[in-house]
Amino acid sequence: DRKCDAYVGMQDIVKKWIVFCPLVAELKDPAMRPRHWASLMHLCGKSMTVNDECMLRDLWNLELHRSPEAVEEITDQSKQEAKMEKTLIKLADSWSGVDFKFDSYCTKDGVTDG
């Protein structure tokens with residue numbers, strides 16, 4: 001019977017898992033830094049220790065399924081920041097070997113500047 005408490009309860013849990021599983025995949029991205037995890041925990045109003053021993057149960061207890069859009073915003077932000085960091089590293093590498101030379105010059109009124 002679909003009106004049975006057990007059926008309704010299991011249906012609710014399965015619906016939450018359908019939302020939860022893709023979020024876990026997003027959170028696994030190496031772009032997630034401690035600041036992003038802090039934002040996530042602030043959003044959920046809960047805390048956990050993020051390390052290699054973190055368990056799926058710990059993520060489930062954050063109740064990420066309650067605000068999937070906000071979680072996705074945080075993970076998207078982490079990915080965008082990681083791209084920017086890579087670009088900045090490339091720029092720094094490209095320009096690190098460039099030596100700028102500064103020369104004095106005269107302004108319109110004949111004053112030497114430099």
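Helices (H or I, at least four residues) and strands (E, at least two) are DSSP runs, numbered from the N terminus. The model is predicted: local features need pLDDT of at least 70, side-chain atom pairs count only at pLDDT 80 or more, and totals for chains, interfaces and linings use all residues. Residues are numbered from 1 along each chain as its sequence is written, and side-chain values use heavy atoms, with hydrogens and water left out.

**Exercise 1. Packing of α1 on α4**

Task: Classify how α1 and α4 run relative to each other, and list the residues that meet.

Solution. 
- Step 1. Take the axes of helix α1 (residues 5-27) and α4: they come within 10 Å and cross at roughly 15°. Axes are lines fitted to C-alpha atoms, for helices over the stretch in contact, and angles run from 0 to 180 degrees between N-to-C directions.
- Step 2. Apply the classes: under 35 degrees is roughly parallel, over 145 roughly antiparallel, 65 to 115 roughly perpendicular, and the rest oblique. α1 and α4 are therefore roughly parallel.
- Step 3. Assign the hand. α1 passes α4 in a left-handed crossing. A crossing is left-handed if the near helix is turned anticlockwise from the far one by less than a right angle, and right-handed if clockwise.
- Step 4. Val19, Leu23, Glu26 and Leu27 in α1 meet Pro68, Val71, Glu72, Thr75 and Lys79 in α4.
- Step 5. Sort the contact of α1 with α4: five residues are nonpolar, one is polar and three are charged. Ala, Val, Leu, Ile, Met, Phe, Trp, Tyr, Cys and Pro count as nonpolar, Asp, Glu, Lys and Arg as charged, and the others, Gly among them, as polar.

**Exercise 2. Packing of α2 on α4**

Task: Repeat the analysis for α2 and α4.

Solution. 
- Step 1. The axes of helix α2 (residues 34-44) and α4 come within 10 Å and cross at roughly 165°.
- Step 2. α2 is therefore roughly antiparallel to α4.
- Step 3. The crossing of α2 and α4 is right-handed.
- Step 4. From α2, the contact uses Arg35, His36, Ser39, Leu40 and Leu43; from α4, Ala70, Val71, Ile74, Gln77, Ser78, Glu81 and Glu85.
- Step 5. The contact of α2 with α4 divides into five nonpolar, four polar and three charged residues.
- Step 6. Check one contact residue. Glutamine 77 lies in helix α4 and is partly exposed at 39% relative accessibility.

**Exercise 3. An aromatic cluster**

Task: How many aromatic pairs does the structure hold, and which residues form a cluster with Phe20?

Solution. 
- Step 1. The structure holds four aromatic pairs. Rings of Phe, Tyr and Trp (its six-membered ring) pair if their centres lie within 6.5 Å; planes under 30 degrees apart count as stacked, over 60 as edge-to-face and the rest as tilted.
- Step 2. One of the pairs is tryptophan 17 with phenylalanine 20, edge-to-face: 5.0 Å centre to centre, 85° between the planes.
- Step 3. Both residues, tryptophan 17 and phenylalanine 20, lie in helix α1, three residues apart, about one turn of the helix.
- Step 4. Phenylalanine 20 also pairs edge-to-face with tryptophan 60: 5.1 Å centre to centre, 90° between the planes.
- Step 5. Phenylalanine 20 is in helix α1 and tryptophan 60 in helix α3, so this pair ties together parts 40 residues apart in sequence.
- Step 6. Trp17, Phe20 and Trp60 form one aromatic cluster.
- Step 7. Phenylalanine 20 is buried at 0%, tryptophan 60 is partly exposed at 22%, and tryptophan 17 is partly exposed at 31%.

How values were computed:
Contact = heavy atoms within 4.5 Å. Buried < 20%, exposed > 50% of the residue type's maximum accessible area, 1.4 Å probe, protein only.
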